[in-house]
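Colleague: I have just opened this one and would like a short tour. Could you take me through it?

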Amino acid sequence: MLLDTPVRLGVQIQPQHATYPQIRDAVLRLEEMGVDILFNWDHFFPLVGDPDGLHFESWTMLGAWAEQTERVEFGSLVNCNSYRNADLQADMARTLDHISGGRFIFGTGSGWFERDYTEYGYEFGTAGSRLNDLAEGLQRVVARWGKLNPAPTRDIPIMIGGKGEQKTLRLVARHAHIWHSFVTPDELRHKLGVIENWAEKEGTDVSGLVVSNDLQRRDQSDADALFDAGVRLFTLGWAPSEADYDVIAGWLRWRDAKNGTGSAE
């Protein structure tokens, strides 16, 4: 894993309980502040608060972000493999890659929010069947990228979310450039060992894998421990309706201090 890579800060702009102008303004402000990556999520209904509150779809929003921004990388944390044909996902990702000049990150996972499935007419299946579908889908995505004309502008980074040791981490070892999870620092060391074991069996090289984790606890001592365990991409969930930019500024100072380019104070 790339322990010498710079620390980056991602912000997941929650596409819920906010108007689109609020989301659009947040994207502009966060890029100007120096955030490295902007994410949304791929759901059809709010995950917290009023379950029928304001909410927007992921991929169409990302198309707007691709045009609105100039520097920041962006993507979904994470796309649900179940909601769209895998070859279509590949084509949409390639298109966003070109619109943005090579700044799109293809984050993906197997899905879990049952209401999305039932109300939009998708088969929910089981956790195992959804992971099997993700394994097949990733193979199709990568194969389709090799057939599209024009080709992607770069090797589009694949970010896989999850921590299951038998299936998810095997897919991480096989396909991922970035692995995202919510695990604790102590658990992280074990999970990285599992990924390395799968990589050996798969015949892949995970020395360049970027380890990503969530800043849900918003505690710098916890973030320091994650950093020591190997995390280099830290992502903060953030509600645009609250517009609490001081929180973001504090984490940007922490990032810069870790990178030796600023002070955490």
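**A first look**

Modeller: Of the 265 residues of the protein chain, 51% count as buried, where buried means under 20% relative accessible area with a 1.4 Å probe, protein chains only. This is a predicted model, in which local features need pLDDT of at least 70 and side-chain atom pairs count only at pLDDT 80 or more, while totals for chains, interfaces and linings use all residues. Residues are numbered from 1 along each chain as its sequence is written, and side-chain values use heavy atoms, with hydrogens and water left out.

Colleague: How many helices and strands does the protein chain have?

Modeller: There are nine helices and nine strands, taken as DSSP runs (H or I, at least four residues, for helices; E, at least two, for strands) and numbered from the N terminus.

Colleague: And which residues of α6 are buried?

Modeller: In α6, the buried ones are T168, L169, L171, V172, A173 and H175. Because six of the eight residues of this helix (residues 168–175) are buried, α6 is largely enclosed by the rest of the structure.

Colleague: What covers the buried residues of α6?

Modeller: The cover includes the helices α5 (127–145) and α7 (185–202), together with the strands β6 (158–161) and β7 (178–181), judged by contact, meaning heavy atoms within 4.5 Å.

Colleague: Changing topic, what does the C-alpha trace span along its principal axes?

Modeller: The C-alpha trace of the protein chain spans about 45 × 40 × 40 Å along those axes. Among contacts between residues at least 6 apart in sequence, 73% join residues at least 24 apart.

Key. Buried < 20%, exposed > 50% of the residue type's maximum accessible area, 1.4 Å probe, protein only.
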